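Hello,

The structure you asked for is below. My notes on it follow.

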Amino acid sequence: MTQIEGQVKFIVDNAFYRPQSKIVRDLGILAGAVYQQEKHQLKVLDVMSGCGVRSLRYVVESGANFVHSNEGNPDILSILKSNLEANLKPEFYQITSLNANQIFFKCSNDKNYYDLVDVDCFGSANPYLTNMIYGTKLGGLMYITSTDGRSMTGILPENSLRNYGSYLRHLPIKHEQGLRLLIGKIQQSAAENGLGIEPIFAYFTGQNYRVMVRLIKKVMLTENNYSFLGYCYQCGEYQKVPWRNLGKVTCDCKIERKENNNYYSSVVLSGAMWLENLHNINYLQKMKEIAVKWNWQKVIKLLNIMENEASLPPYFYPLQEIGSRGKLDLPKRDILIKELQNQGYESAISHVNIQAIKTTASFKKTVEIAKKISSQ
Ligand SMILES: C[S@@+](CC[C@H](N)C(=O)[O-])C[C@H]1O[C@@H](n2cnc3c(N)ncnc32)[C@H](O)[C@@H]1O
Ligand SMILES: [Zn+2]
């Protein structure tokens, strides 16, 4: 059966394709289109192509000049070939069937670098996070998937330690910290190679994690932007904790936790992870301009939410938690956001959890404002 997505038609047969993930591909296509608009070139490496839907869309919609479409499973190669043949002129593409890491090493060996490298893997992206850098041009984009929820949310902290070198705790912001873990690990891998990355956007779909970053010449990793998040289980307050303050963490609530007849701070530490902006506002705005031209309403809505949350602190407060800790009925999200803004705090919806708010106000202040609203 023929599938249609965006402007392309293709067959799926026994290849992996989830129509529900269209918005993830739409974001990649828009980022590619902005890149083409700015640099007047776009050479894409779609290293885990499946049926080739992304390869097709990068050429047809983003305006890529060339796509290298690789698929490791030889059993679905004929589907990939027939889809590309049916839609693209031969000079626009190349097909291979190798392991993604072999492709990255070959890129490095041949000094053949790409403007956009798309790594749409199953499970943990960890085996590719360093190697994909070897296939990417300086200034180029890398689009990564991770479906490894249990390592990334702190449910299995030993797994996050093994895969990402970070010990994540199971915090209320678990999926945002998954995105931050992934960005942090890529930042650290880039730094190891004397390079840096800047996040373009980071998206939790409700099930898995997608991160688009740009490879840059400047090492970006610092003790502040790649560090720890402290969370006080007693009062619900978050704080950023740089490496050199690790031994000095306390919470203003001063409530201690008793364990084996000893008293400890109630703050748990999760990390290290990326604690700076999740998205590049300027790039999002350019993506949005194109999305408006193409009338992609659903994507425009998401881009607006991302833009508003981009520079807010690396955590959010679920309305549920505000309600239960403050002993009040769940506050209305938009009224609370407005009131926080009226009182001079930045505040917005979190794309990760739309029943939560991000704000520069402390949790205590947020509860205080919510209480005032609910008593009116
Ligand atoms: C999630 S699917 C790709 C779906 C496709 N990008 C899309 O948007 O519909 C992942 C694909 O990568 C292939 N794959 C998995 N591991 C790979 C590896 N290490 N190297 C190359 N291909 C791989 C799988 O056979 C599968 O077709
Ligand atoms: Zn506290």
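The largest nonpolar core has 107 residues, and those touching the most other members are L30, A31, V119, L182 and V211. A nonpolar core here is a set of buried Ala, Val, Leu, Ile, Met, Phe, Trp, Tyr and Cys residues joined through C-beta atoms within 7 Å. Helix α1 (residues 22–39) gives the most to this core, at seven residues. Helices (H or I, at least four residues) and strands (E, at least two) are DSSP runs, numbered from the N terminus.

This is a predicted model: local features need pLDDT of at least 70, side-chain atom pairs count only at pLDDT 80 or more, and totals for chains, interfaces and linings use all residues. Residues are numbered from 1 along each chain as its sequence is written, while chains are lettered from A and ligands numbered from 1 in the order in which they are written.

Beyond four places in sequence, V211 is in contact (C-beta atoms, placed from the backbone, within 7 Å) with I144, L179, L182, I183, P199 and A202.

L278 sits in the loop between β14 (267–274) and α9 (281–293). L278 counts as buried because 27 other C-beta atoms lie within 10 Å; the cut-offs are 20 or more for buried, 12 or fewer for exposed, and partly exposed in between. With residues up to four places away left out, L278 touches L179, P199, A202, E309 and A310.

Strands β1 (residues 2–5) and β2 (residues 8–11) pair in the antiparallel sense over four bridges, pairing requiring at least two DSSP bridges. I4 has K9 in β2 as its bridge partner.

Regards

Technical notes
Contact = placed C-beta atoms within 7 Å.
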